[in-house]
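Here is a walk through one protein model, taken piece by piece. Keep the view open and follow along.

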Amino acid sequence: MGPKINTIWKQMEIEILANFICLQENRLKLYKGFGEKTQQSIIETIEFYLNNKGSFLYAQIEVVEPQVTTYLKKLFGEDKVHITGGFVRQLEYLDELEYVIALNNEEIKPKFISASPPELLEDTTDSLLYKLLNGLRLRLYTGTNSWQKRLFTSKCSAEFETAFEQAYPNVDYTNAAINEKTLFTNANIAYIPPYARETAEVITLAKKGNLPAVIIPTDIRGIIHSHSNWSDGSNTIEEMANAAQEKGLEYLVISDHSKSAFYAQGLSEEKIKAQHQYIDELNAKNPNFKIFKSIECDILNDGSLDYTNSILSTFDLVITSVHSNLKMTEEKAMLRLLNAIENPYTTILGHMTGRLLLSRKGYPVNHTKIIDACAANKVVIELNAHPSRLDIDWRHIAYALEKNVLISINPDAHTIEGFDDTRYGVLVAQKL
Ligand SMILES: [Zn+2]
Ligand SMILES: [Zn+2]
């Protein structure tokens with residue numbers, strides 16, 4: 001971030017905080033246009049912002065993690081530094097980047113002082129918390145005793161850790177840093193990777209040898225949910241198809257925005273006809289790759305879709321999503337979504353809650369009821385793989401699978417580069 005932008009950002013932040021104080025004191029009500037409802041909504045947005053300040057998306061951490069790891073290893077030695085925590089558990093966003101460092105605090109602290117030292121926020125007997133210049137907090141678990149056990153437990157959720165220790169109180173952690181798998185071999189159960197160490201239930205499954213098969217990025221055979229330059233995407237459909245084929249994929253689902261999404265150049269009925277003709281031509285030219293005709297159809301305020309049935313019937317599949325009037329009660333959100341799910345033309349329900357991780361909470365929904373309705377209407381649920389969406393939340397996928405609802409991992413790509421976001425969806429899907 002350049003100094004100028006930095007200053008602007010700082011000023012903005014001060015302004016946001018000033019407004020926040022104003023709102024808390026109900027002072028904005030004095031101004032025209034700021035009713036109580038608006039105030040409440042602004043307060044909630046700011047609270048959400050402040051609560052998430054200092055948190056980073058997995059995709060953002062992934063970019064800086066190699067540099068931080070290399071830096072720490074250079075300072076403290078290759079064998080002393082071990083990455084752990086939420087990053088290795090593939091959590092969708094993180095408050096801290098965590099490491100186990102097999103040294104004492106007094107051996108660690110002086111080494112940081114050399115070049116532009118990070119700010120020390122906490123100093124306890126077995127951990128240090130630093131803040132890097134970019135705001136990212138660095139948690140170091142320290143100490144030379146039982147650090148291997150710490151390395152294991154810091155890769156588990158609290159629930160998993162308790163359940164594992166209760167089930168296997170005598171596990172020997174001596175080799176946890178070299179080969180974690182021996183821990184599970186000694187416990188006589190299948191290996192549970194860090195990303196799956198969430199619930200106690202997974203230990204029961206591992207005991208029975210019933211761990212579910214894990215999806216990997218190469219299992220993805222095509223791109224579903226993508227936007228071309230016919231709406232708000234950057235590339236032509238031909239460029240996107242060629243790029244997908246070069247990646248070894250077999251198909252591409254083009255789902256530009258529908259007509260109500262005027263801000264995103266949503267497609268009129270005439271444009272849909274023209275696009276379908278163009279896709280037919282491209283498919284005829286290249287029989288080794290298939291482009292499917294789709295649309296990301298807006299779910300309107302009353303839950304109806306954005307085109308007549310005769311238009312909807314011309315698509316190979318229809319993705320339905322909410323893009324307007326996102327501030328809704330659960331009752332209203334459920335009405336819209338359930339109506340859309342019951343529409344016989346809906347194939348996939350797109351980004352279910354409209355959340356944007358760390359910046360927008362998303363409207364409240366009853367996940368169980370939505371999943372039940374998708375099961376009853378044979379509607380597929382999207383796992384929107386954009387790193388700031390990851391919506392449906394992975395915590396609800398197990399129930400969806402139990403109900404035999406298909407989950408479609410979709411990049412919602414607006415550029416060719418956006419295809420690669422599919423991987424973030426796969427990473428959270430592995431966490432079941
Ligand atoms: Zn969308
Ligand atoms: Zn989209």
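Predicted model: local features only at pLDDT ≥ 70, side-chain atom pairs only at ≥ 80, totals over all residues.

Which residues of helix α13 (residues 367–377) are buried? They are I370, I371, A373 and C374. Look down the axis of α13: these buried residues fall within an arc of 160°, so they line one face of the helix. A residue counts as buried when 20 or more other C-beta atoms lie within 10 Å of its own. Turn to the other side of α13, and T368 and A376 are exposed. After the helix comes K378, which has a positive phi, near 55°.

One pair to find is D298 with its bridge partner S321 in β11.

Helix α9 (residues 237–246) and helix α10 (residues 269–285) have axes that come within 11 Å and cross at roughly 35°. The crossing of α9 past α10 is right-handed. On the α9 side, the contact is made by I237, E238 and A241. On the α10 side, Y278, I279 and L282 take part. By type, the contact residues divide into 5 nonpolar, 1 charged and no polar.

Now move to another sheet. It is open, has 5 strands in the order β2-β4-β7-β6-β5, and its pairing is mixed. Strands β2 and β5 stand at its edges with a single partner strand each, so each has one side without a neighbour in the sheet. From one strand to the next, the twist averages 25°.

Strands of a sheet pair through backbone hydrogen bonds, either parallel or antiparallel. Follow the pairings across this sheet. Strand β2 (residues 81–84) runs antiparallel to β4, and 4 bridges join them. Here V81 stands opposite I101 in β4. On to strand β7 (residues 137–141): β4 pairs with β7 in the parallel sense over 5 bridges. Y99 stands opposite L140 in β7. The pairing of β6 with β7 is antiparallel, again over 5 bridges. There, S127 has Y141 of β7 as its bridge partner. Last, β5 and strand β6 (residues 127–131) pair in the antiparallel sense over 5 bridges. L120 stands opposite Y130 in β6. A hairpin through 2 residues joins β5 to β6.

Is strand β4 enclosed or open? In β4 (residues 96–101), 6 of the 6 residues are buried, so the strand is largely enclosed by the rest of the structure. In a regular strand the side chains alternate between the two faces of the sheet. In β4, E96, E98 and V100 point one way, while L97, Y99 and I101 point the other way, and all are buried.

Strand β5 (residues 119–124) tells another story. Of its 6 residues, the number buried is 0, so β5 lies largely in the open.

Methods: Residues numbered from 1 in each chain as written. Chains lettered and ligands numbered in written order. Buried ≥ 20, exposed ≤ 12 C-beta atoms within 10 Å, placed from the backbone. Pairing = 2+ DSSP bridges. Axes fitted to C-alpha atoms, helices over the stretch in contact; angles between N-to-C directions. Left-handed = near helix turned anticlockwise from the far one by under 90°. Contact = placed C-beta atoms within 7 Å. Nonpolar A, V, L, I, M, F, W, Y, C, P; charged D, E, K, R; others polar. Arc of directions from axis to C-beta.
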